[in-house]
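Try each task before reading its solution.

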Amino acid sequence: MQESFFIKGLGGEKKLRGEVTVNSAKNAVLKGMAASILFEDEVRLSHVPDIEDVHRMTELLEALGANIEKDGREYTIHVGESVSTTLDTKLSDRLRTSIVLTGPLLARFGEVHFPHPGGCVIGARPIDFFLEGFERFGARVSHEDERYHIAAPAGGLKGANIFFRAPTHTGTETMMMTAVLAKGKTVLKNCAMEPEIVDLAKFLNACGAKIVGAGTPTIEIEGGDLLRAEGKAYRALPDRIETGSFLILGALVADELTIRGCNPEHVEVLTDILKSSGVPIQIEGDAIHIRGNAKIPKGSFRPIDIRTHEYPGFATDLQAPMTVFLTQAVGESLVFETIFEGRLNYTDDLVRMGADIAIWDPHRARVKGYTPLIGRTLGSPDLRAGLAFIIAAAVAKGNSLINNVYYIDRGYERIEERLKALGLDIERTTRTE
C-alpha cells in the first residue's frame, strides 16, 4: 500500500524547536553489511538505522544464503562457504548499492552473477569502472541476457593498479574490499575521500586487513586471507547527509534547533555556506545549534552559488534540499550539479509551488528568491528530492501531500515522528492524489 505525508506548512514562519539526533550513516552501514562476505567468522553491526535500504540489503544477503540475526539495532551476519554468487534481480533493481556486493563475492568465491543495479532515477549511472576494475584484478567479464558474469582466473584475483578516471565513492569502496582478498599489492589512485571510506577501512584493518591511505587520493592494499572480527562490532559514523538535511530544514523553519550526535567536520562546507548566507549557526563538539533564527525576518538570507563536488566539496545528496533554501534567499543563485545529469528534474515541482527557477541545461539551474511557496501535491522522485519536498512543504503556505514516501523511507528513519517532535504538523497517511 502506497503511503504519503500530509504536511501543514508554516508559511515561512520559523517555529520549530528542539533537538534531533543523527543516525548512523546509511552509506556506511550498507558497505559494512557487504563487507561481512570478507569474514571467516560472524560480524556484528551496532546502531543500524531502521530504513528501507538496510531492509533490502538484508534481503539480498539472506537470498545469497547469509545468516543474519537481528536484535533491535544490532545485526549479526555470518557468510559461510555454501552461499550463492548470484544476486537476485528484483532485489538488486531496488537497491543501487547492491553493486558493492559484487567485489567481495568475486574475491572470496571466484565468481559473481548480477543484473545492472537499480535505485533512484537520477540520471545515468554506468558501472563500466567496476567492470574495468575487476578485469585489472585478472577477472573475465561477460554480459548476456541483461546479466553480468564475472569470473576470477585460476588461483584467484591478483593485486592490481587501478586509476579512477573520476573519483567514485562506491567504486573506491568496492575495489578496496575486492583487494583485501586478492593476492599481492593493489594500488588505487584518484580515489574518493569520503569519511565513510575511512570508517570502513578502519574496521577492516582492525579485523586483519592491510589498507593504507584511505581518505587520501591513493590507497594501497596488501591482500591476504579471510578477515576475522573475533567479536569486534562495527558502528558506522554519523550520517552527514542526514545532518545536512536537518540543518537546511532548521535554517528555514526552526527558531531553536540542536542537531546532536553528528560530526560537524563532515558538513563543514554546508555550515560555512549557511553561515555566509546569514543563518545563525553554532558548533559545539558533536552538536550543531541554530539559535535565535526567528529574529531574522523572512527574505533576509543572502544568495550563494552551489557547485556539487566529491568530498570534502558540497555533496550532491544535499543539492535538492539546498535549492529549496535558495528559493528563500534574496537574489540570484546558481546551482551547478556536476555529478548526475538528471538530478535537477525535481525543480519543476518547486516551480509549481511558486519558486522562480530556470533550468539552463541538465546540470545547471538559476534560482531567484525570495519567493513564497504554496502547498501542493507532490510525488517524491527519489530519496534526496523527497526530503527536499518535505522541507519545501514545511516552508510553504497551506497544505501539501507528498506521495511515494518509500523513497524517503529508504534513507530517513521515521522522519515524520522526528519532525513532529520538533513541532511540524506532519502525518503519514494512505491518502494519495
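Helices (H or I, at least four residues) and strands (E, at least two) are DSSP runs, numbered from the N terminus. Please keep in mind that this is a predicted model.

**Exercise 1.** Find how many helices and strands the protein chain has.

Solution. The count for the protein chain gives 14 helices and 23 strands.

**Exercise 2.** Work out whether the radius of gyration of the protein chain agrees or disagrees with that of a compact globule.

Solution. Start from the chain length: for 433 residues, a compact globule would have a radius of gyration near 22 Å. Next, take the value for the protein chain, 22 Å, which agrees. Then look at the box that the C-alpha atoms fill along the principal axes, roughly 65 × 45 × 45 Å. Of the contacts between residues at least 6 apart in sequence, 74% join residues at least 24 apart.

**Exercise 3.** Locate Lys 232 and decide if this residue is buried, partly exposed or exposed.

Solution. First, find the loop between β12 (219–222) and β13 (233–235), where Lys 232 sits. Second, use the cut-offs: buried means under 20% relative accessible area and exposed means over 50%. Lys 232 has 30%, so Lys 232 is partly exposed.

**Exercise 4.** List the residues that Lys 232 touches, leaving out those up to four places away in sequence.

Solution. The contacts are Arg 44, Phe 203, Ala 206 and Cys 207.

Notes. Residues numbered from 1 in each chain as written. Predicted model: local features only at pLDDT ≥ 70, side-chain atom pairs only at ≥ 80, totals over all residues. Heavy atoms only, no water. Rg over C-alpha atoms; globule rule 2.2 N^0.38 Å. Contact = heavy atoms within 4.5 Å. Buried < 20%, exposed > 50% of the residue type's maximum accessible area, 1.4 Å probe, protein only.
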